[in-house]
Amino acid sequence: MEINSNEEYEKFDGLWIQESCNSDGMDNPVENYGAAPTVTFTNNQFIVRSTTGEVKIEGLFSVNPYATPKEIDWFDTFGEDKGKKFLAIYEINRNRLAFCAANEGMERPREFEPKFGHTLRFFSRCF
């Protein structure tokens, strides 16, 4: 069955809340946007808001649903990582999203594993 990349982007559309995070092998590290930030996806754009609603990150993303595992590239256009690109992998279904991103300049992860240089995040869709 062939994957339609436009349909793949549509799977992201909407509001998601972070359930957990592992950065550099540390579970749920303290971040400047709180324990359960939200991300809103529209087309190929994303906005991350803190638990108080403050916009912390904005950017663009592109997907390659044909790769195994599926690939996603994040490009921050606003926030402390403005101008940086992060190579990642993802899994998405109707109500769950997981991605594992490498730090800038590192190779794309090949598996969803917590380790130094990787950030692993899990989200659920808000209804």
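Predicted model: local features only at pLDDT ≥ 70, side-chain atom pairs only at ≥ 80, totals over all residues.
Residues are numbered from 1 along each chain as its sequence is written, and side-chain values use heavy atoms, without hydrogens and water.

**Stop one: the pocket.** Select Glu 31, Tyr 33, Ile 57, Asp 81 and Arg 121, which lie nearest the centre of the largest pocket. A pocket here is an open set of points on a 1 Å grid over the protein atoms alone where a 1.4 Å probe fits, with protein on both sides within 12 Å along at least five of seven lines. The volume is about 670 Å³, taken as the space filled by probe spheres set on the points, which are joined across faces, edges and corners.

**Stop two: the lining.** Now show the 28 lining residues, those with an atom within 4 Å of a point. They divide into 14 nonpolar, seven polar and seven charged; Tyr counts as nonpolar, and Asp, Glu and Arg as charged. Strands (DSSP runs of E, at least two residues) that each supply at least two lining residues include S4 (45–49), S5 (55–64) and S6 (70–78).

**Stop three: S4 to S5.** These antiparallel strands are joined by five bridges; two strands pair if DSSP finds at least two. Pick Phe 46 and its bridge partner in S5, Gly 59. In the turn of this hairpin, Gly 53 has a positive phi of about 95 degrees.

**Stop four: S5 to S6.** Seven bridges pair these strands, again antiparallel. Select Ser 62 with its partner Asp 73 in S6. Five residues lie between the two strands of this hairpin.

Methods. Helix = DSSP H or I, 4+ residues; strand = E, 2+ residues; numbered from the N terminus.
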